[in-house]
Amino acid sequence: MITVHVNAPDGTRVPRALVEGAIRATLRHEGVSRAELSVTFLGDAEIAELHGRYLGSPEATDVLSFALHEEGEDPLGDVYIGYAQALRQAADAGAEADRELARLAVHGALHVLGYDHPEGPGRDSCEMYRVQEDVLRGLMNEPDMAARSVQVAGEGS
């Protein structure tokens, strides 16, 4: 069984169904049938605090992931998405905000599953990014997922 929790501050507009679908599509792609992941959207101050505490860089970032399972256990983890940072990145890249939020959910889930990527030049051509973009393309081509509207946190779930 796969369980996905999507959390956001009240009033923050997040595409809950799309984010949950992104996590599920990632797990399906990787052949995972049992897992529990949470995705939590944070503001700049909160994601910067976590980034500083756990990675030593007290700046707002787009995504942080924490695998909470041991090797051989079903995947269990937390994904934190810097909501404002994600929106800035989408705007800078001329991308749709919902697509960027889905991309970060996929990216975070892949980290929970054990993927990693190099920093600096060439990082966009590594295995993790290829898998990420494959999953995202498949997700955005699913008619029901691509058409999901944005929901306000707390509405309908």
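## Salt bridges in a predicted model

Glu-20 and Arg-24 sit 4 residues apart in helix H1 (residues 16–29), a spacing of about one turn of the helix. Their side chains meet in a salt bridge, at 2.9 Å from N to O. Please keep in mind as you explore that this model is predicted. Glu-20 is partly exposed, with a relative accessible area of 28%, and Arg-24 is partly exposed with a relative accessible area of 28%.

How many salt bridges does a search of the whole structure find? There are 8. Side chains of opposite charge can pair when their charged atoms come close.

Helix H2 (residues 44–55) holds a pair too: Arg-53 and Glu-49 lie 4 residues apart there, about one turn of the helix. The closest N and O atoms of this salt bridge are 2.7 Å apart. Glu-49 counts as partly exposed, at 39% relative accessibility.

Salt bridges that share partners also join Glu-100, Arg-103 and Glu-133 into one network.

Now to a pair formed by Asp-74 and Arg-34, a salt bridge whose closest N and O atoms are 2.9 Å apart. This pair links distant parts of the chain, 40 residues apart. Asp-74 belongs to the loop between strand S4 (63–67) and strand S5 (76–82), while Arg-34 belongs to the loop between H1 and strand S3 (35–42). Asp-74 is partly exposed, at a relative accessible area of 39%, and Arg-34 is partly exposed at 47%.

| Salt bridge | N to O distance |
|---|---|
| Glu-20 and Arg-24 | 2.9 Å |
| Asp-74 and Arg-34 | 2.9 Å |
| Arg-53 and Glu-49 | 2.7 Å |

Note on methods:
Residues numbered from 1 in each chain as written. Predicted model: local features only at pLDDT ≥ 70, side-chain atom pairs only at ≥ 80, totals over all residues. Heavy atoms only, no water. Salt bridge = Lys/Arg side-chain N within 4 Å of Asp/Glu carboxyl O. Helix = DSSP H or I, 4+ residues; strand = E, 2+ residues; numbered from the N terminus. Buried < 20%, exposed > 50% of the residue type's maximum accessible area, 1.4 Å probe, protein only.
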